[in-house]
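Student: I'm new to this one and would like to learn how to read it. Could you walk me through it, step by step?

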Amino acid sequence: MAGNRDRRFCSSWIPRGVLLLLWAGWVRCFAADPGGGTSIFNPASTPAAATRDLAYFVLGITGAIFLVVGSLLAYVIFRFRQRSQDNIAEPPQVYGSNQVELAWTVIPVLIVVVLFLATARMIFAIQDAPKPQSALDITVVGHQFWWEFRYPKFGFVTANELHVPTSNPTDPTPTYLTLLSADVDHSFWVPRLSGKTDLIPNHPNSLWIDPGTPGVYLGQCAQFCGTQHAKMLLRVYVQSPADFEAWAHAQQQAAANSASVAEGRKVFETQACINCHTVKGTVATGRFGPDLTHLMSRDTLASGAALNTPENLRAWIKNPDDFKPGSLMPAMKLSDQQLDQLTAYLATLR
Amino acid sequence: MADSSIPIGGSLDVTSHGRSTPTAIEWLHEWVVTVDHKKLGILYVVYAIFFLLVGGVEALLIRLQLAAPHNHFISPQTFNRLFTMHGTTMVFLVGMPFVFGFANYLVPLMVGARDMAFPRLNAFSFWMTAFGGLLLYYSFIGGSGLYGMGSAPDVGWWAYAPLTLRAFTPGHSTDYWALSLIVSGFGTVGAAVNIIATSLSMRCKGMTLLKMPLFVWLNLVVAGMVLVTITPLTAAQVMLVIDRYLGGHFFDTQAGGSAVVWMHFFWIFGHPEVYVLVLPAFAIANEIVPVFSRKAIFGYPAMVAASVGIAFISMTVWAHHMFTVGMTSFGNAFFTLSTMLVGIPTGIKIFNWLATMWGGKIRFATPMLFCTAFLIQFLVAGLTGIMLSAAPWNWQLHNSYFVIAHFHYVLVGAIVFCIFAGIYYWYPKVTGRLLNETLGKWHFWLFAIGFHVTFDFMHIPGLMGMPRSIYTYEPGRGWETWNLIVSIGGAIQGIATLIFAFNLFWSYFRGKRAGNDPWDAWTLEWSTSSPPPAYNFPVEPEVLSRRPLWDLKHPDDPDWRYE
Amino acid sequence: MSSVPLVATSAQKPWVLPSRGRVAMFCVIIAESAIFTIFVVAYVYYIGKSLYGPTPQKVLDVPIFNTVCLLSSSLTIWLAEHAIEKGKIVRFTLWWALTMTLGAIFLIGTGLEWRRLIEREGLTISTNLFGTTFYSLVGLHASHVIVGLTGLLIILIFAVTGHVKQQHAERIQVFALYWHFVDAVWVVVFTVVYIIGR
């Protein structure tokens, strides 16, 4: 049956080379990402790792199916194409075969059973995992287009940059996030830490992570929530327990109150800023926008839209639409002097 | 051949009265008042091709914006309108009209009938669909005019609540979305009623249900699905309009309403809808693969059973679009199972097509090229679907570019490829001329290459954490190169589509004359002239098997001996 | 291959297919049932979930009389169908008019109930979840009653002017299917709203 054509396809160096290329490409794309990547194949936390293991399993099975069926199709295309124009007799007509139909029904059913059992086990393992006593609870509230993080145990509120402690497999201290929304649907997705879970108003959800390695993990909102959905970015800072305690302690303090920026503070408190923002220890108790008590302790502004530098801060306050057109913070139409004073004041809020 | 016109005393009589060349007004009038299923079928398909080009332009604009990170080609507001309109257009103004266009033209011919069961309902359904589309596109200039693309919908084609409530989307973009789809929904249900009534009540003598061509079977199943699929969307959209204009609280979370209820209702429509779109693609493949393999379809009863099975199971899988909303683990497990189960009858169909080609003498004319590519691509699409059905993996892949790659693999790789195949196959019957084969091959290869460049590589940013519906993305996450490649593939597909459009036009005037049966096929439509006369058949046909023309061409070896 | 009339000799069994009018009406009924199902599901899901405002227990009176009228109209329309099958046009017209009257009574009764709910109890479609789901579901049904009454009226006019004959029995039956459907939906709506929901 096989002619020279088939022999060439079966020769071993082509498939080996292809496999090598695929593996190298795979590693380059997904698995070798030391700093700040977002690949789901580079997990840093148990839910993400479990998902990756399931993914490999499913990929293996579906890959095998693809190879088998694909090869059959390739064979059919080559073997049964009409070769000469003169032989126009119709081929033998085959109308069906019950045994064959049964065979290729039963085999897929078995594959589905195997796949389903493996998957179901994983669903229950991740979703219904018992919550240890030492878990840290954080409440996440989604807003258009920023993240509010409330730490009930410590009594402070921060925004956009989530700090969590590492978790040791022998003595786990996972972080449990309760997911709420103040307006529309959002979704919390930091691929290296966990699959995503939605933040739906009037429908609290929950998500847990237990990262073991300190570092910054990136993500962003994954449910279309309006104009600036694309810039509702996430930064998760995983810190050693000592560093985390230090950070939390600093966040618990009331806002810095330096006399040198008194004019700026006055601008802040007499313009409409206090309607939306909170600065702990002052009259500003607004909750529509992010808590600014420790604004300068963050690396970015506007949920990742810009780096947190005094220049960017000034420009942001002057016209938020320059960074994030459609964000819900209005341009306050301040004079240059007011902007300078205000920026100077905010720059002291470490 | 003018349709009859009521001679109202004193009014302008624009029928052509048998004169050989109608004037422009007479020609236009004929097309506007027609109730002939063939003309309506052509109207649907022309409408769909037009919006395919429009939706394609929307896609190219999207890809231009995403070709580089932090690009400033389009504003975020415009981008959000573009992807909403692209999705809505492609599903409702391209996919559905193609489905009903093909069904309208071919079902009566294939069952040996003179027209659809309800010709006037047929015309009404087309015009409702058409007006719905016009209302949707009027949104670009309605409201604040063309600035920033006017009031075009910008809430995603899935229009999740509560984003669509007036508190969060003031202006009329959501209203255009809801109202235009309610209007075209009436047309869709009307067409479905017609297809069912025609298939059940208008078959020619001898054509029992199990002797109908598979094309008719699949369209019958699709029409049945439409009755219970489109209507939930209409209901949900009416609820949305009540919320927006009568102060209702269906999806008003501040008053205790539920955003999740919208999701359930939308996906109870949305998932079966994709099967409504893909089953007609199977219908086309079911006709083309046997003819070009020179063999009867393998396992006709199994194909019927699998199609019906897909229809029923597909009604039970909808919440696999909602794995991340916080359903219980039992809920997630159930929908994982049902989704994996729907892959079984689908796989059976692929195997049956393979078995049909096995032992055949395959002619790779353009229709078969497209169908062969469809087989490979649909296999891949089904497998990425299985990947997405595993709920924990879905928690990573949901709303990422992996999902977009998957569903475009089905929508373009399976459905559009089969539609192209069907157009190349039946264009000679409709117009009397064959499409140019050289241009056809250029179209095929360029489109296939562009398709794979775009949608193969699109899976990768998804696996690397890139979500969908974003007008720009951060550099340094490794997404840039892949996005650029994806965009280039889009341009290649655009060029291929232009070649196709040119071929349609050129071949109408200069194509080779086709005759009744250019492909040596076996179903009833190939027994008429090309194009068929207005009355389709001079005498009602009588059939003895599934392939009446095979019986005629092979009187020594007819099918009815073996069926 | 030229256009060949495809007539083959076959067994002389009569070739009978279902009537297209009946098939179409069943399809319409299935589609409408799907719409009603969605509204019923919404109603049931939101039972007890209103955060404030009037509750079903407080403001709903069970519309026994209206229901009896509407369900009886199914009986009268069936009697009308019987009459026209036998060619008894006058009897048909009388039963048909009675059907219409009963349907109209139901509709007026619904209107009166709504007036009481809006003016005296302060329940509107925007009051709370109960108001939204109640008016939507009952209103959707009422709109189908209106469509049915319109059809009944048109046929009544045809009957009274002598245009309805015995050979139209099949068409009358197809229309009657719609009316029976409207009544069946009311059974479901009544059960969900006035029995389960209270």
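Tutor: Helix H3 (residues 76-110) and helix H12 (residues 401-431), both of chain B, pack at about 35°, and their axes are 12 Å apart. Helices here are DSSP runs of H or I with at least four residues, strands are E runs of at least two, and both are numbered from the N terminus. Axes are lines fitted to C-alpha atoms, for helices over the stretch in contact, and angles run from 0 to 180 degrees between N-to-C directions.

Tutor: Before we go on, this is a predicted model: local features need pLDDT of at least 70 and side-chain atom pairs count only at pLDDT 80 or more, while totals for chains, interfaces and linings use all residues. Residues are numbered from 1 along each chain as its sequence is written, and chains are lettered from A and ligands numbered from 1 in the order in which they are written.

Student: Which hand does the crossing of H3(B) and H12(B) have?

Tutor: A crossing is left-handed if the near helix is turned anticlockwise from the far one by less than a right angle, and right-handed if clockwise. H3(B) passes H12(B) in a left-handed crossing. On the H3(B) side, the contact is made by Met90(B), Gly95(B), Phe98(B), Phe102(B) and Tyr105(B); H12(B) brings Leu411(B), Ile415(B), Ile419(B), Gly422(B) and Val430(B). Contact means that C-beta atoms, placed from the backbone, lie within 7 Å. By class, that's eight nonpolar, two polar and no charged residues. Ala, Val, Leu, Ile, Met, Phe, Trp, Tyr, Cys and Pro count as nonpolar, Asp, Glu, Lys and Arg as charged, and the others, Gly among them, as polar.

Student: Between which chains are the most contacts?

Tutor: Two pairs of chains touch, and chains A and B have the most contacts. Chain B and chain A put in 77 residues each. On the side of chain B that touches chain A, H9(B) gives the largest share, 16 residues. That side divides into 46 nonpolar, 24 polar and seven charged residues.

Student: And how many residues does chain C put into its contact with chain B?

Tutor: Chain C gives 35 residues and chain B gives 44. Helix H1 (20-45) and helix H5 (129-160) of chain C are the elements that supply two or more residues to chain C's side, and H1(C) gives the most, with 13. Chain C's side has 24 nonpolar, nine polar and two charged residues. Chains A and C do not touch, with their nearest C-alpha atoms 12 Å apart.

Student: Into which domains is chain A divided?

Tutor: Domain bounds come from an automatic or database domain assignment. Chain A has domain 1 (136-239) and domain 2 (259-346), with C-alpha centres 23 Å apart. In their contact, 16 residues of domain 1 meet 14 of domain 2.
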